[in-house]
Amino acid sequence: INNDVKALHQLIAHCPMDLTKLLITPIFIFSILAYFNITFLIFILIPISLAFVGFRLISSSFFAKETQARNQSLETLLSHYGEFSQNLSLAREYPTTGIQTLIQQSSHQFETRFSHWVRRVGSIAAIVQILLSLPFLLVWCLLGYLLIFHGNLPLYQLILFILLAKAMAAPIQAF
């Protein structure tokens, strides 16, 4: 029942706001940037699009096996910890057998599976985080300013592009 209440709370309280952030905000920002300068908008969309592609790759079926193994080992570990917390008196009486051994085994299994998952997915996730980071987007916008406009773009438009580029990247980063 507790899980159902949490799911309903998420659906009613957070889902409309999350959808607004994910859909409406980028469309609005895209429109503003397109109005001011379509060339700069396309330039700004390059790292955001690459990050989105990387995110889709991470969540694709290509990595599903590793993700499922990691999640299953985490569930096993949490189950063993739950069993341990329910039987503390038995755990104190028999410290080297039973649930402690299961916890050590499941902890080791989770560590192994998690490390494997990080080796496979970690580099792509790091690239996505870098592409969506404020310092990278700032440097990217300044590079576009110098390459595309050779310094002939009004300063307020450059600042607008920098701020809106980060705002456009935020929903993908949160997602």
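What separates phenylalanine 136 and tryptophan 140 in helix H6? In this predicted model, the two are four residues apart in H6, so about one helical turn lies between them. Their ring centres are 6.0 Å apart and their planes meet at 20 degrees, so the pair is stacked. Tryptophan 140 has a relative accessible area of 19%, which is under 20%, so it counts as buried. Phenylalanine 136, at 27%, counts as partly exposed.

Now take the helix as a whole. H6 runs over residues 134–149. At 1.5 Å a residue, its 16 residues should span 22 Å; the end C-alpha atoms are 21 Å apart, which agrees. Leu137, Trp140, Cys141, Gly144, Tyr145 and Phe149 are buried in H6. These residues cover an arc of only 140 degrees around the axis, so they sit on the same side of the helix. Pro135, Val139, Leu146 and Leu147 are exposed on the other side. Just after H6, histidine 150 takes a positive phi of about 55 degrees.

The structure holds eight aromatic pairs. One of them joins phenylalanine 62 and phenylalanine 63 edge-to-face, at 5.0 Å centre to centre and 80 degrees between the planes. Phenylalanine 62 is exposed, at 55% relative accessibility. Phenylalanine 63 is buried, at 3%. Ring pairs also link Phe40, Phe43, Phe136, Trp140 and Phe161 into a cluster.

Helices H1, H2 and H7 each give two or more residues to its lining. The lining has 14 residues, and Leu22, Pro26, Phe52, Met168 and Ile172 lie nearest the centre. By class, 13 are nonpolar, one is polar and none is charged.

Technical notes:
Residues numbered from 1 in each chain as written. Predicted model: local features only at pLDDT ≥ 70, side-chain atom pairs only at ≥ 80, totals over all residues. Heavy atoms only, no water. 1 Å grid on protein atoms, 1.4 Å probe; cavity = no way out; pocket = protein on both sides within 12 Å on 5 of 7 lines; lining within 4 Å. Nonpolar A, V, L, I, M, F, W, Y, C, P; charged D, E, K, R; others polar. Expected span 1.5 Å × (residues − 1). Buried < 20%, exposed > 50% of the residue type's maximum accessible area, 1.4 Å probe, protein only. Arc of directions from axis to C-beta. Phe/Tyr/Trp six-rings, centres within 6.5 Å; stacked < 30°, edge-to-face > 60°.
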